[in-house]
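Let's go through this one by question and answer. Have a look at the structure first.

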Amino acid sequence: MARRAGAVTGPIAAGGVFALILAALLAVMSRADWPVTIGAADWSVLRFTIWQAFLSAVFSVLFAIPVARALARRRFPGRGALVTLLGAPFILPVIVAVLGILAVFGRAGWVSDGFALLGLPPMSIYGLQGVVLAHVFFNMPLATRLILQGWQSIPAEQFRMVGQLGLSPRMVFRVIEWPILRQVAPGAFALIFVICLTSFAVALTLGGGPRATTIELAIYQAFRFDFDLGRAAVLSLLQLVVAGGAAVLALWILPPLALQTGRDRVVRRWDAPSPVLDAGWIIVAAGFLLLPLLAVAISGMVGLWQMPLSVLTATWTSFWVAVVSTVVLLTMALPIAAWLAQSRHGGAEAVTLLGLAASPLMIGTGWFILIYPFAAPVTYALPVTALVNAMMALPFAVRILLPPMRQVFTDYGRLSAGLGLHGFALWRIMLVPRLRPQIGFAAGLGAAMSVGDLGVVTLFADPDVATLPLQMYRLMGSYRTEAASGAALVLLALAFGMFWICDAWGRRHVER
Amino acid sequence: MRGDDDMLSVERLRIEQGDFVLTADFNVRRGLRVAVIGPSGAGKSTLLNALGGYIDVVAGTVVVDGIDVSAASPDKRGIAMLFQDGNLFPHLTLAQNVGLGIRPALRLSEAETAQVMGALGRVGLRDFADRKPGDVSGGQQSRAALARVLVQAKPLLLLDEPFAALGPALRAEMLDLTSEVARDAGATVLMITHAPEDAERAADDLIFVDEGRAEAPRAVAEVMANPPEALCAYLGR
């Protein structure tokens, strides 16, 4: 059959991503000392990387189960807002959350103040506990949403049956909730594990030192502090093997990412025991998520007036980097999704996981090596950042677009083929209007992820070039916490604002 | 053998879908309305989808109006097809949906716009041109789809039970309208149906599909007067 949508552009886009990563990899390999040796320091970095990702995934999922269960079986005022809040960490800039976590759990934070009243020593946040805490902050909501989504897919009829038979909560868990949990929880665990393997910004701000360095952070240090391209290369290869292997394994159990804020429904349940325990979990979860944000908001209000002018410049820089990144993201994601939606072998989806597995800093290092002989890499800091950001968001965007894209081709594929809709007209008349909500959502996610990203830009940047997260990190580094909080507030507004604009565009004039 | 008078010639067609095999070898004369009837799962829908170019065939040729279209894409076969659902884009107005039948890129000239309005008027939807499918009734959606068939002006029309969800009275009305539209457009019609009375009402010939084989069309009245054993079983007589 003739010209399918994305049949040509899809493979080109996917091939482009592949080529960019491969070029970086080859550049990195050319700088490594062969044969590659992995020293004791590298082994300890590897051990820490896996251990923190494992702990982060375990605690995120364990914390999420009671919270999701409480949300699934209770109706209370503010429940909808809380479920929406669970989606927020996805678009929350890491550095903002870290600042909030420091304000609550840090040495001079609210919790330590409380300890002091009881005569206890202050809490120590830096190191493994801080890294895991921040990862749980980001990923517990994700796990909660995935598990909640699973439990909400249980038909209401089953709970009517429960009410009729008078089953105890323990029986309900065994008969209804556990089978779903067994399906969803491993996927949630795998996803969080892979995300945490390539964690950089959290490790940069809360980890560090010989005992709390992730591979990603070690690449940065080898590059930035020692300019040891050989060691950066070895670490990059290690990262590729670890994260790539984990991502490929995870692919088979990854849950689908659904756009589901609007579709939240509460089933009438007859099996809920005394509400005290559920209420407790909900309060703990809400506090855990809201207090750090509240802390940023409070100190940010004060800090807004202490921000240096450089914050404004950085805000503008971050804005247009995010715009470019989002455009690049959609240019890649839409044809790839159209291509995959019509391809018979689902394995092609693995292509997009390269973006998840290949570490941003490895790609950054590779491109630095490639650009270095010809031009000052600093000049390319922002374009490379925009491109890498787009590649990082690509797996998410494709996973958001793919299921509805498949549905559109199932529902209207024959109609459009019979009418001879091809190429650009097919996109304009069928695909974009049908997928508008998902395109808006994916674009918003991409924009927010780009705006909040503190990653590859740290490799390249000189004092004159900075994105807003980098500028904020510099303010934190020079102990100007209040100015940093002000910048955090601006960054928060920018990330949520860009997400909201894209998402609102997608939701406007939706025809069912 | 194919004759000059044939609009559709299906020659030694073989479709395979897993274990399921369907063969067909028949001609349909120009201007006839042919009902395709047979038990569920016999392959009626598969046959029409293969003729329309939506399913790949293993062997055989499909000739429409003297042209071998076996390898052509669905829009280049001289065939318009209506499906059980998904005949209209929900985000486009009825006029835009009809306009797609003239130009898939939807940039219509004034004359073409007038043609769209004329087609909508023909099916009694002139006042509904700017409505979207979700805002009109099921019967009106069917009418809009027929209006598009009218502007598509293809010599062969395939109907895969597009009116199945309508009530009996409305379905009969749509079948009559289909006959009129087909006559206006000079089109030959193949329609799948479950109800023998629909075949008697709106078809000249009848193709019986059963046990992996589509039989050659015979006059409806003749078949109904003296149905073969398998058809009797299907009809419950």
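Reader: Where is Val323(A) found?

Author: This is a predicted model: local features need pLDDT of at least 70, side-chain atom pairs count only at pLDDT 80 or more, and totals for chains, interfaces and linings use all residues. Residues are numbered from 1 along each chain as written, chains are lettered from A and ligands numbered from 1 in the order written, and side-chain values use heavy atoms, leaving out hydrogens and water. Helices are DSSP runs (H or I, at least four residues), numbered from the N terminus. Val323(A) sits in chain A's helix H13, residues 309–342.

Reader: Is Val323(A) buried, exposed or partly exposed, and why?

Author: Buried means under 20% relative accessible area and exposed over 50%, with partly exposed in between (1.4 Å probe, protein chains only). Val323(A) comes out at 34% relative accessibility, so the label is partly exposed.

Reader: How much area do chain B and chain A bury between them?

Author: Contact means heavy atoms within 4.5 Å, and 25 residues of chain B touch 21 residues of chain A that way. Buried area is the accessible area (1.4 Å probe) that two parts lose on being put together, summed over both. Carbon and sulfur atoms give 62% of it here, and the total is about 2,100 Å².

Reader: How many salt bridges are there between chain B and chain A?

Author: A salt bridge needs a side-chain nitrogen of Lys or Arg within 4 Å of a carboxyl oxygen of Asp or Glu. Between chain B and chain A, the count is zero.

Note on methods. Helices (H or I, at least four residues) and strands (E, at least two) are DSSP runs, numbered from the N terminus.
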